[in-house]
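Hi,

Here is the structure I promised to pass on. Have a look first, and my notes follow below.

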Amino acid sequence: MSVALLIFVFIGLCLGMAGAWAVQRATGNSGWIDTIWAAVTGLGGLAVIIFSVDGNPARKWLAGILVGLWALRLAGHIATRSAGKKDDPRYAALIEEWGSHAGPRLLWFLQIQAFAAFILALSIYAAILNPAPFPGILDGLALVIAVVAIAGEGMADWQLSQFKRRSPEGKTVCDIGLWGYSRHPNYFFEWLWWCAWPLLALSGFQTIFCFILSLLAPLMMYWLLNHVSGIPYLEKHMEASRGDAFKAYQKRVSAFFPWFPERDK
């Protein structure tokens, strides 16, 4: 394991998120923060793949393709969504809460995001250190999970955009398609994508340490999405802006894991 490479990636992620802070301060549009985060996280993941001298070359190719597809789709989608949009409600709430200290506190908050991105890159690095022959059964399973996750998140984002463009008169909550089974299907599929990396890391007892290290990605992502910067802030915003319609939606539809909705009583 190359400590120098990991230090280089960590510094790059910190600088990237400092750049995201500068963009937000200059434009007033916090939507660009997540665009830049997705891009720099993807670049961090590609860096540990490309510059690592260890691991099976074919597995590294697979990992690089998956990381590239993930980063391009997510960063591209958020950039498209952010263009012309005034602000992200989650960051807007934080900035309002921080008041006159918003500048330095946002910078520190984004450096925490850089650290989170480093944990994700570390999990990718742990997965590509797997020296086992390629392809294996777990490699195939990881590929299936990753493709399903990218497609599912893309579908959820597309369905939400279509709802916003063509929503029926008076209907304020998206419950079409995947959104009828999970209140946050995009978050679920994002978490699912990170579940592919422990499978790429595991090939036997000799890689158990890398498997455990790669588990950090799905564990951290689940915690962040469900308890920190994802669902809590977004649902608070939706409750305030959508009122009873969203509260009824909360009672009917699962928050994270897709499941059959409860029938209205």
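To follow the helix packing, note that axes are lines fitted to C-alpha atoms, for helices over the stretch in contact, with angles running from 0 to 180 degrees between N-to-C directions. Helices are DSSP runs (H or I, at least four residues), numbered from the N terminus. This is a predicted model, where local features need pLDDT of at least 70, side-chain atom pairs count only at pLDDT 80 or more, and totals for chains, interfaces and linings use all residues. Residues are numbered from 1 along each chain as its sequence is written, and side-chain values use heavy atoms, leaving out hydrogens and water.

Helix 3 (residues 57-82) packs with helix 7 (residues 185-194) at about 160 degrees, their axes 12 Å apart. The two are therefore roughly antiparallel (angles over 145 degrees count as that). In the contact (heavy atoms within 4.5 Å), L66, V67, W70 and L74 of helix 3 meet E190, W193 and W194 of helix 7. Six of the contact residues are nonpolar, none polar and one charged (Ala, Val, Leu, Ile, Met, Phe, Trp, Tyr, Cys and Pro are nonpolar, Asp, Glu, Lys and Arg charged, the others, Gly among them, polar).

Now the pocket: an open set of points on a 1 Å grid over the protein atoms alone, where a 1.4 Å probe fits, with protein on both sides within 12 Å along at least five of seven lines; lining residues have an atom within 4 Å of a point. The largest pocket has 49 lining residues, with R81, R90, N186, Y187 and L234 nearest its centre. Helix 6 (residues 137-166) gives the most to that lining, eight residues.

Cheers

Conventions:
Parallel < 35°, antiparallel > 145°, perpendicular 65-115°, else oblique.
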